[in-house]
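Have the sequence and the 3D view open as you read.

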Amino acid sequence: MANTHTAHAGHDDHHGAPQSFLQRWVLTTNHKDIGTLYMLFGGLMFLLGGLFAIVIRLELFKPGLQFVDPQLFNSMTTMHALVMVFGAVMPAWVGLANWMIPLQIGAPDMALPRMNNFSFWILPFAFLLLLSTVFTGGGMPAGGWTLYPPLTLQMGDGFPMGIFAVHLMGASSIMGAINVIVTILNMRAPGMGLLRMPLFCWTWLITAYLLILVMPVLAGAVTMLLTDHFFGTSFFGAAGGGDPVLYQHIFWFFGHPEVYILILPAFGVVSEIIPTFSRKPLFGYEAMVYATASIGFLSFIVWAHHMFTVGMPLAGQLFFMLSTMLIAVPTGVKVFNWCATMWKGSLTFETPMLFAIAFLFLFTMGGFSGLMLAIAPADFQYHDTYFVVAHFHYVLVPGAVFAIIGGVYYWLPKWSGHMYNETLAKWHFWLSAIFINVLFFPQHFLGLAGMPRRIPDYNTQFADWNMVSSIGAFGFGLSQLLFPYIVWTCVKGGQRATNKVWESAHGLEWELPSPAPYHSWAEAPSEAVIARGAFH
Amino acid sequence: MTDVLADRRRRVRNTTIALAVFAFIVYAGFILYSVRKGG
């Protein structure tokens, strides 16, 4: 059967990629090309957002104002977050979804290929619009990525541009999410039941539902900001009878599930990598699916833990504190299952596995500091300090970003047909893993000692750990430059990858040749192929 | 085979429309809720 597919794939090559640049990359409806575009865009934004972070850490290297004025510093913190969340991590995940979901469920493409093209090409314009606010009076957004009124309403002429950019990103995300759901629900090969899908597809399906539920909420919130600013409404203006806290509730009703949107696909990638390099089936597949769904559900009833300090009734504090702690249960199920998958496995430590194990350790640390923050009375102390910064960076960088990088190393041979340089990739891993801890671990100490976040200057008592943290940032930033080099050299050449690439890999994508042909699964895989690829 | 494809096309269309309408209802719903709260 594998031979049939190889031959079939060879046949597909006759109808390969269009030759002209315009046809291939601008007008493309091919899920692999669009996936590549998404990931290139995500990578570019990762470098840009990283550059903003370097400006922040440069300024905080020592006390006093050195390089930037406070207004620009605030712009840097705001833009770093907006670019990383909406420009780097989300597009990178959508890119991985585009590449892998059709391959993994045996579909020839995404269900809505033209909308797929549209949802990608909105993004560069959205970010061009957002970044071009730098040329307007008042400069880039500087009120924090949460865009809280009334502060954000004081932004200069770039305000409507920023709001429109957020709307465009939201529209792009909603279209991407609809595409994922429609594809998974309708395009699976016969015999690929929902509970036979790889975990990456499952986590993305749940992520897509979260996206459809919350992106319109963000769109509603920023629409109301716009009408408050230009059309005389007072949704959030206390002077006109509105309530600024209402904005915070609406924003975090979006914002908390958004965090899970960034991390759930990471759970999927790690659930693919760990079994492969443990040479064992994933422990508790169904429990993993239900745990993901539980986390998705719980993410909707915890939002006010971001707002304990605005004041709320004791019952509200208790509810949001306990519901937040409840998330530790399904998350614990996952961590346990990943450990149980490795238990007595025949482990090897190729780069994707190293990133997955680092994810397991460091994401769990971020989870523990999250539990500390969930305790309402303790949060009064931690709120708006560097402890919070340390917490969410542990969750998002060695969490989401490490999983993206691990996923890229894992599937790159399938995409490019070549093996990457393992030695360099291991250097990339170890430098990243060391510097990320040098960068973020001291921020726990700073936060517990009372250093507030989003400030360009600080008391001299915080000087030492800030210097350490900045050195970690420079090291982490520099070591990331290895990544595009490794990917580029792998795409250009190197040792040929086999179809299966990894000895113990399971899943339909490994039944295809490497590199995956431009058109794959034009004919649905047979039940036998699906059964061979399935873990259970 | 044609029936299978037509059926799939119909399901793809229906799911897409349902999800898009749902997204719009959430968008409008939150704004209307906020109008009630303050506006």
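## Before we start

This is a predicted model, in which local features need pLDDT of at least 70 and side-chain atom pairs count only at pLDDT 80 or more, while totals for chains, interfaces and linings use all residues. Residues are numbered from 1 along each chain as its sequence is written, chains are lettered from A and ligands numbered from 1 in the order in which they are written, and side-chain values use heavy atoms, leaving out hydrogens and water.

## Where chain A meets chain B

Chain A puts 27 residues in contact with 19 residues of chain B (contact means heavy atoms within 4.5 Å). The area buried between them is about 1900 Å², with 77% of it from carbon and sulfur atoms; buried area is the accessible area (1.4 Å probe) that two parts lose on being put together, summed over both.

On the chain A side, helices H6 (159-186), H7 (199-230) and H8 (244-278) each supply at least two residues. Here helices (H or I, at least four residues) are DSSP runs, numbered from the N terminus. H7(A) gives the largest share, nine residues. Sorted by class, this side of chain A has 19 nonpolar, seven polar and one charged residues; Ala, Val, Leu, Ile, Met, Phe, Trp, Tyr, Cys and Pro count as nonpolar, Asp, Glu, Lys and Arg as charged, and the others, Gly among them, as polar.

## The second largest pocket

On a 1 Å grid over the protein atoms alone, a pocket is an open set of points with protein on both sides within 12 Å along at least five of seven lines, a cavity is a set where a 1.4 Å probe fits but cannot get out, and lining residues have an atom within 4 Å of a point. Points are joined across faces, edges and corners, and a volume is the space filled by probe spheres set on them.

The second largest pocket holds about 1200 Å³ of space. Its lining has 40 residues, with A:Thr36, A:Leu40, A:Leu412, A:Val487 and A:Val491 nearest the centre. H3(A) gives the largest share, 10 residues.

## The second largest cavity

How many cavities of 30 Å³ or more does a search of the whole structure find? There are four. The second largest cavity has a volume of about 130 Å³, and A:Phe86, A:Met90, A:Pro91, A:Val94 and A:Ser173 are the closest to its centre among 15 lining residues. H4(A) supplies the largest share of that lining, five residues. By class, the lining divides into 11 nonpolar, four polar and no charged residues.
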